[in-house]
Amino acid sequence: MEERAQLTGVPIKLVMALVIGTMAMGVLTQFVGTAERTVLRDMDVRFTTSSNRLTVKVYDAASGDALNGATVVVKWIGGMKAHTMGTNSNRYTFTIPMNGADVVVATVRVTHAGYIPWEGQVAVGQ
C-alpha cells in the first residue's frame, strides 16, 4: 500500500503539504502587501509666530522629510483661513487679524492623503 501512495519516490502527503503551504504563503503575502499600503503615517507640524503672522511647517514624522501638498486650516474666533500647499512647498504663512486683541488663540488642522489628520492650537500675539 505504501508504494502506491508515492509519486516517483515522494510521498503524496508531502506533495500536498507543500502545495497547500505555497498557496497559503501566496495569500499571506498578498494580505501583508495590502496592509502596508493602507497604513496611515504620522506627520510632524511645527509653528513659528511673529507679530500677527503664523507660519506652519509640515514634515513626515518618521523620516523628517518635508511633506509637500498638505492642506492647512486655521480657525480663530471670528474667522478662518485655509491653504493647500503646492507640490514643492511644506510651509505657509497666515496673517491673523488681531482686531484689537493682544493674543488670539487659533486652532490649526493639517491633512494630507495617507497621513493621520493633525490638530493643535497656537497663541498668536502682536
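Q: What makes Ser51 stand out in the hairpin of β3 and β4?
A: Ser51 takes a positive phi near 55 degrees, in a hairpin with two residues between the strands. A word on the source: this is a predicted model, in which local features need pLDDT of at least 70, side-chain atom pairs count only at pLDDT 80 or more, and totals for chains, interfaces and linings use all residues. Residues are numbered from 1 along each chain as its sequence is written, and side-chain values use heavy atoms, with hydrogens and water left out.

Q: How do you know that β3 and β4 pair?
A: Two strands (DSSP runs of E, at least two residues, numbered from the N terminus) pair if DSSP finds at least two bridges between them. Strand β3 (residues 43-50) and β4 have eight bridges in the antiparallel sense, so by that rule they count as paired. Within this pairing, Val45 stands opposite Val58 in β4.

Q: What joins β4 to strand β7?
A: Five bridges do, with β4 and β7 (residues 91-95) running antiparallel.

Q: Why is strand β4 called largely enclosed?
A: Buried means under 20% relative accessible area, exposed over 50%, and partly exposed in between (1.4 Å probe, protein chains only). Seven of the eight residues of β4 (residues 53-60) are buried, so the rest of the structure largely encloses this strand.

Q: Why are β6 and β9 called edge strands?
A: The open sheet of four strands has the order β6-β5-β8-β9, with antiparallel pairing. In that sheet β6 (79-84) and β9 (118-125) each pair on one side only. Further in, six bridges join strand β5 (residues 71-76) to strand β8 (residues 103-111), and Trp76 stands opposite Ala106 in β8.

Q: Why is the contact of Asp44 with Arg46 called a salt bridge?
A: The term asks for a side-chain nitrogen of Lys or Arg within 4 Å of a carboxyl oxygen of Asp or Glu. The side chains of Asp44 and Arg46 meet at 2.9 Å, N to O, so the pair qualifies under that rule. Asp44, with a relative accessible area of 26%, is partly exposed, and so is Arg46 at 41%.
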